[in-house]
Amino acid sequence: MPKPDRRLKVSRACYRDSIQLKLSVVAIDFVYRPLKRPKNCLPEGAGPMPNWTLKQLESFVWVAKLGSFRATAERLNTTQPNISVRISQLESILGVRLFHRDSGSVALTPIGHSLLGQAERVLQASEEFSQQSIRSDQQVGVLRLGVAELIAQTWLRDYLLDLRQVFPNVDVELRVDLTINLREELVSRSLDLCLLNGPISNFNISNVDLGSVPYLWVASPRLGLTGSDLATMASHTILTHARNTRHFVELSAHFRDNWERPVRIVPSSSLAASLQMTLDGLGIAPMSRTLVEKYLDAGELVEFPYEWTPSALIFTASYAHTPASFLLKRAAELAGERALQQHRSDIVEPMTQ
């Protein structure tokens, strides 16, 4: 009985190893240069292994993240058949199956899981390489930006001007909404960057600190408030944020635990509406100093020195860092720089009055 050809087994092992090696590269020259393989690594008569493309890797990573060929096509501004072709070609080139496909659902295979991190590193290296030769003013595209209303009412305008100065050829699609909705849209990749109450605890999300915003109680002088105790507070309507916010939960718990009788708490999903109601004397509200400073200066609102306030709001610029994007990273950094300038002005202005 003839002995098995051990050279063929070794060649097949080398072939598999070459696949792993190609996708584990983090230096960008490996992305664009054919990989050198040991002599006689492939079986005799086999041709050179075809090279995969960055578009195929990008499609692979996004399908893995979004779990959908259709969502990936929308994200990459192409068609679903194109994404399917790219994935099929990549699987053919690598000689492995990357996804299980069943009744419209998509899930990574074990080998797909093992190659995902390596593919992300290749794309990151490619992005970093490209940014060495592309200036900020040459960046083009659309930035889908989600913003919490407090930021929209304070320093969003200045931030948008910062973005236009650094990225003049990038268009911003703006959405102002509650953090709970923005968070969901960001995780599902419907938004690219969000300025919201954070941070977001997700291994795919990076958070840049935008500082915290403390509250103070304000009311219209027409209410004629004379006391600052709990009884005075409880005798008036309390205006607050929407029911599904931490702010509303804290307020409700405070008065429930410290006042025996019911307190009128009126939630609103619109910060602008809540502010206008306060100006009209319809209730007392906790607001950020940044938002109400000009009304305090004009005498349209007065500060109510109640000893308890809701927890300060912590804001972050949050974005998905996989795949890597210089635009998102720099845009988040710009938000951090603008927020810092805003906080400094909030500190200096009261001290100079």
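Visitor: Which residues lie nearest the centre of the largest cavity?
Guide: This is a predicted model. The search of the whole structure finds one cavity of 30 Å³ or more, and about 100 Å³ of space lies in the largest cavity. Its lining is made of 13 residues. Those nearest the centre are Ile151, Thr154, Trp155, Val213 and His343.

Visitor: Which element gives the largest share of that cavity's lining?
Guide: Helix H7 (149-152), strand E6 (205-213) and helix H14 (326-352) each supply at least two residues of the lining of the largest cavity. The largest share, four residues, comes from H14.

Visitor: How much space lies in the second largest pocket, and which residues are closest to its centre?
Guide: The second largest pocket holds about 490 Å³ of space. Its lining divides into 13 nonpolar, 13 polar and four charged residues. Of the 30 residues that line this pocket, the closest to its centre are Thr179, Asn197, His241, Thr245 and Leu313.

Visitor: Which strands stand at the edges of the five-stranded open sheet, and why is one side of each left without a neighbour?
Guide: The strands follow the order E4-E3-E5-E12-E6, with mixed pairing. From one strand to the next, the twist averages 20°. Each edge strand has a single partner strand, so one side of each is left without a neighbour in the sheet; these edge strands are E4 (170-176) and E6.

Visitor: Which residue of E4 is the bridge partner of Leu145?
Guide: Strand E3 (residues 141-147) and E4 run parallel and are joined by seven bridges. In E4, the bridge partner of Leu145 is Leu174.

Visitor: What angle does helix H9 make with E5?
Guide: Helix H9 (residues 179-187) packs on the sheet. H9 touches E3, E4, strand E5 (193-197), E6 and strand E12 (313-320). The direction of H9 makes an angle with that of E5 of about 145°.

Visitor: Over which residues does pLDDT stay under 50?
Guide: The mean pLDDT of the chain is 82, and 80% of its residues reach 70 or more. One stretch under 50 has ten contacts beyond four places in sequence in the model, and another has five such contacts. In that order, the stretches are residues 6-16 and residues 348-353.

Note on methods: Residues numbered from 1 in each chain as written. Predicted model: local features only at pLDDT ≥ 70, side-chain atom pairs only at ≥ 80, totals over all residues. Heavy atoms only, no water. 1 Å grid on protein atoms, 1.4 Å probe; cavity = no way out; pocket = protein on both sides within 12 Å on 5 of 7 lines; lining within 4 Å. Points joined across faces, edges and corners; volume = space filled by probe spheres on them. Pairing = 2+ DSSP bridges. Axes fitted to C-alpha atoms, helices over the stretch in contact; angles between N-to-C directions. Contact = heavy atoms within 4.5 Å. pLDDT = per-residue confidence, 0-100. Nonpolar A, V, L, I, M, F, W, Y, C, P; charged D, E, K, R; others polar.
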